[in-house]
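Here are some notes to read alongside the structure, written for someone who is meeting it for the first time.

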Amino acid sequence: MYIKVGGFNIEIEDYLDLQEPKKGIDAHNAQILKSRHQRDSKINTWGNITLCEKVLGESKCSVVEYFGGLGITTAALRDKFDIEMHTVVEIHPPLCRHLRDNFPDINVIEGDARKVAGKLGYHSLMLCDFPAFTILRLDDVDDIFSAELLRDDSPDYVVFTDSAWRWLSLNLKNYQNRGLPIYTKPDYIKVLSNMLYDRYGYSIKYAHTGIVCAYCLMVRGKVEVQINNIAGDDGSYNVHGKEYVSFCMEDGEK
Ligand SMILES: C[S@@+](CC[C@H](N)C(=O)[O-])C[C@H]1O[C@@H](n2cnc3c(N)ncnc32)[C@H](O)[C@@H]1O
């Protein structure tokens, strides 16, 4: 079976045959695939690609993508931008084979993002399509952010996915109880931005928020964040499956 994304036909037959591991990654990707497949005609409006458009422009760029998955984001990036060096990191071997088959000129690294981060040289853009990141999970991604952002040749732009959005209203008290001054949805992005600045010297410049996820673009230094709230049929991926939701959310955050 093929899905068409931008100028690419992505073959997914191998992927759908995967049996291992049975939980987590496969179920998660299957949900994403289903959702994105249904929406592939709207590929150009995904939040993370929209954010990249704000900064990448026409000139050549280099990209390191963590959490490559099925390569849907990869295909959209290839379709939109002139990328002279493109590295994709993915932990799941069959997905790495799938990425290599579909994108022979991309450097696909099979490995754990937390161990590979910081060893791949300079890229102007780092894109992290985290499987499950929220403001309470900064420690979980610290290996990646520290290795990439606290070094001399750190990326100019970082785009990442935050999965807290779907349940944010329900979690306001939970965040407040943990000492985070989050009373509105924009507060979430602002508090997250301040925390990222304190840790890594980067802050969020743009946030593109959908129903399930928020996409954030970080730059070096302290900047005022601009939030574009795209409620409704926005083209960002929107997975309603319960499995996905419980996979994304940690205990106590739902
Ligand atoms: C949200 S999906 C990525 C979707 C992908 N960006 C796309 O557009 O098709 C997350 C991916 O991260 C991978 N992954 C999970 N933990 C990882 C890790 N520690 N290191 C590298 N990849 C990981 C999973 O196998 C999964 O394919």
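The points below go through these topics in turn.

1. Please keep in mind throughout that this is a predicted model, and that local features are considered where pLDDT is at least 70.

2. Around the ligand there are 20 residues, and the closest of them are Phe67, Gly69, Thr73, Ala113 and Asp129. Two or more residues of this shell come from each of the elements α2 (25-38), α4 (72-80), β4 (83-90) and α6 (113-116), with α2 giving the most, namely three residues.

3. The largest nonpolar core has 57 residues, among which Cys52, Leu125, Val159, Ile204, Cys216 and Leu217 touch the most other members. Strand β9 (residues 214-220) supplies the largest share of this core, with five residues.

4. Strand β8 (residues 202-209) is largely enclosed by the rest of the structure, because eight of its eight residues are buried. A hairpin of four residues leads from β8 to β9, and the two strands pair in the antiparallel sense over seven bridges.

5. When neighbours within four places in sequence are left aside, Ile204 is in contact with Ile189, Leu192, Ser193, Leu196, Cys216, Leu217, Met218 and Val225.

Notes. Residues numbered from 1 in each chain as written. Predicted model: local features only at pLDDT ≥ 70, side-chain atom pairs only at ≥ 80, totals over all residues. Near = placed C-beta within 6 Å. Core = buried A, V, L, I, M, F, W, Y, C linked by C-beta atoms within 7 Å. Buried ≥ 20, exposed ≤ 12 C-beta atoms within 10 Å, placed from the backbone. Contact = placed C-beta atoms within 7 Å. Pairing = 2+ DSSP bridges.
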